[in-house]
Structure formats: structure tokens, C-alpha cells
Amino acid sequence: MHAEVGAIWRERAQSELNAASGFAIVATELFELGAPSAVLELATRAVHDEVRHAELCRGLAERYLGEPVAPPVAKRVSMPRHAGADAELVKHLHVVGLCCVNETLAAGFLEACLEATDAPDVRELARQHLADEVRHARVGWAHLAWVDAATRRAIGGFVPRMLTANVARWTRRLHIMPRAGFPGLGVPARARALASLEETVREVVLPGFAAVGVPL
Amino acid sequence: MHPSKLFHTIVVVGAALTGGCDGGPAGDDAGGALADAAMDAAAAIDAGEPVDAGEEEDGMVLIL
């Protein structure tokens with residue numbers, strides 16, 4: 001069991017470092033879009049947070065695997081192309097995809113992880129991680145509240161496909177987890193993780209787009 | 001944290017950093033239909049049914 005838990009944390013270490021790369025790109029694009037300082041502050045901090053998360057996850061992987069784990073590979077991630085959008089709209093869509101969708105879904109997932117955590121150190125990590133993901137998700141909602149109505153309308157035209165594709169991707173990723181999860185070790189049962197995904201889509205992401213005036 | 005609290009913590013607090021929002025988590029019919037479609041696809045994947053991964057390949061998703 002510990003080997004499986006360790007493998008999950010090792011995979012998450014790579015995913016966290018990839019998220020750091022994504023935020024580094026999005027932060028640069030936010031500068032290019034002239035985003036307000038409140039958004040820039042959160043986005044640039046997120047790069048640091050995700051690098052730190054990668055190391056924390058690697059530490060947990062080593063603990064459960066009982067052996068050294070190589071650091072995750074630093075690389076520039078490939079950002080979605082969003083065919084049909086012009087260059088400026090693509091930058092807005094990158095913010096929305098990473099923050100309003102991915103990081104918001106991640107916050108819901110981490111809540112499920114927190115529920116499934118008894119080990120004090122893992123619980124503390126999950127709590128810190130959740131607090132960080134909440135701030136990372138806010139980047140997107142703060143950005144949408146700042147952009148003009150025409151940009152919101154243009155973004156809204158891409159959200160349905162983006163959201164459906166992201167939910168499908170998340171579902172595939174959840175299948176690396178054992179069906180019963182590892183209660184107490186921060187790995188929820190797959191059904192609980194899928195339920196958290198649905199709850200977050202229905203009760204946070206979609207109402208969020210409505211609340212900031214993005215028509216779907 | 002209840003999803004409605006998560007909505008407030010993420011969306012309402014986040015939007016308030018810049019322009020704000022009306023704070024109402026009321027979905028509409030389009031949102032409900034979209035959620036149904038997204039979760040139907042998720043259920044199919046969970047059941048092991050073949051699902052077209054074209055959207056990912058079409059550049060809609062950041063692969064982390």
C-alpha cells in the first residue's frame with residue numbers, strides 16, 4: 001500500500017512543478033495584458049507556491065516509498081492553443097483555464113483529500129496546499145472581474161468546450177488512484193473524488209462564470 | 001468546506017480584488033446543461049467507455 005501512495009505523491013510532484021511552469025507563462029501573459037497589481041501579485045506568488053508544493057510532494061513520496069526520489073523534471077509546459085481565438089484572447093483563456101477551471105477543480109479535490117487524511121503531517125500539507133490553491137484559483141476570478149464585457153463574452157464562447165475537456169482530463173487522472181483510495185493517508189476513494197469534481201463544477205465553477213458575467 | 005463556502009472563498013473573494021461580482025451562486029439553464037454534459041462524459045470515462053480525447057488534442061486543456 002505504501003508503494004502505491006508513494007507513487008501517487010511522486011506523480012503529484014511532477015504535476016505541481018508543471019503547474020509552476022504554467023503559472024510562470026500565465027504570469028508573463030498577465031503582464032502583457034496589463035493586469036492589475038492584485039492579480040499579478042497572486043499569479044507571481046503562485047509560481048513559487050507550486051515549486052514548493054513539488055518539493056513537499058516529493059518528500060512525501062520518499063517517505064512512503066522508503067527511498068530517495070529524483071526531483072521532478074523542470075520543463076516549459078505546452079499551453080493550450082485555443083484554435084479560433086486571436087492572440088490576446090488566447091492569453092485570457094490561459095488564465096481562465098488554469099485558474100477558474102483547473103485550480104478551482106483542484107481546490108475541490110484537495111478538500112476531498114483533506115477529508116481522507118488522518119496523518120498529522122499529511123493533513124498539514126493538505127491544509128496548506130488547499131489554502132494555496134484557493135489563492136491560485138482567485139487569480140482567474142479576479143481577472144474575469146477586471147476584463148471588459150466584450151472580452152467576457154468572447155471568453156464565454158470557449159468555456160463549454162474548455163470545461164468539458166478539463167473534466168474529462170481530471171476524470172482520467174483520477175483513475176491513477178485505487179478505487180477504494182487510502183483512507184487516512186490523504187487519498188480519497190475514487191467515487192468521492194469524482195463526486196467532489198461534480199460538486200465543484202456545479203456549485204463553484206459554473207456559478208462563478210455567471211457571477212462575474214461570463215455568458216455560457 | 002461546503003461547496004457554497006468554497007464558492008464564496010474563491011469566486012466572491014477573488015472577484016472582489018478587482019471589479020467584484022453580484023455574489024449570487026445562481027446557475028442558469030445553460031450552466032446546468034453544460035454541467036450535465038461534462039459529467040456525462042466523466043461518467044463514461046469512469047465506466048471505461050471509449051471517449052474521444054480530441055478536445056485535449058485540439059488544444060483546450062493544459063496538461064499538468
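Which residues touch the most other members of the largest nonpolar core? In this predicted model, where local features need pLDDT of at least 70, side-chain atom pairs count only at pLDDT 80 or more, and totals for chains, interfaces and linings use all residues, side-chain values use heavy atoms, with hydrogens and water left out. Residues are numbered from 1 along each chain as its sequence is written, while chains are lettered from A and ligands numbered from 1 in the order in which they are written.

**The nonpolar cores**

- Trp9(A), Leu144(A) and Phe209(A) touch the most other members of the largest nonpolar core, which has 71 residues; such a core is a set of buried Ala, Val, Leu, Ile, Met, Phe, Trp, Tyr and Cys residues joined through side-chain atoms within 4.5 Å, and buried means under 20% relative accessible area, exposed over 50% and partly exposed in between (1.4 Å probe, protein chains only).
- At least two residues of this core come from each of helix 1 (2-33), helix 2, helix 3, helix 4, helix 6 (159-174) and helix 7 (190-211) of chain A, and from each of helix 1 (3-16) and helix 2 (29-46) of chain B; helices are DSSP runs (H or I, at least four residues) numbered from the N terminus.
- Helix 3 of chain A gives the most to this core, namely 13 residues.
- Apart from this core lies another one of 21 residues, including Val26(A), Ala27(A), Val39(A) and Leu64(B).

- For Cys57(A), the nearest cysteine sulfur is that of Cys113(A), 9.9 Å away, and Cys57(A) is buried because its relative accessible area is 1%.
- For Cys100(A), the nearest cysteine sulfur belongs to Cys99(A) and is 6.5 Å away, and Cys100(A) counts as buried because its relative accessibility is 0%.

- Glu133(A), found in helix 4 (residues 120-146) of chain A, is buried yet has no salt bridge, the nearest side chain of opposite charge being Arg12(A), 6.8 Å away; a salt bridge is a side-chain nitrogen of Lys or Arg within 4 Å of a carboxyl oxygen of Asp or Glu.
- Lys75(A) lies in the loop between helix 2 (37-65) and helix 3 (87-115) of chain A, and Lys75(A) is partly exposed because its relative accessible area is 47%.
- Leaving aside neighbours within four places in sequence, Lys75(A) is in contact (heavy atoms within 4.5 Å) with Gln14(A), Asn18(A) and Ser21(A).

Definitions and conventions: Lys, Arg positive; Asp, Glu negative; His and termini not counted. Disulfide = S-S within 2.5 Å.
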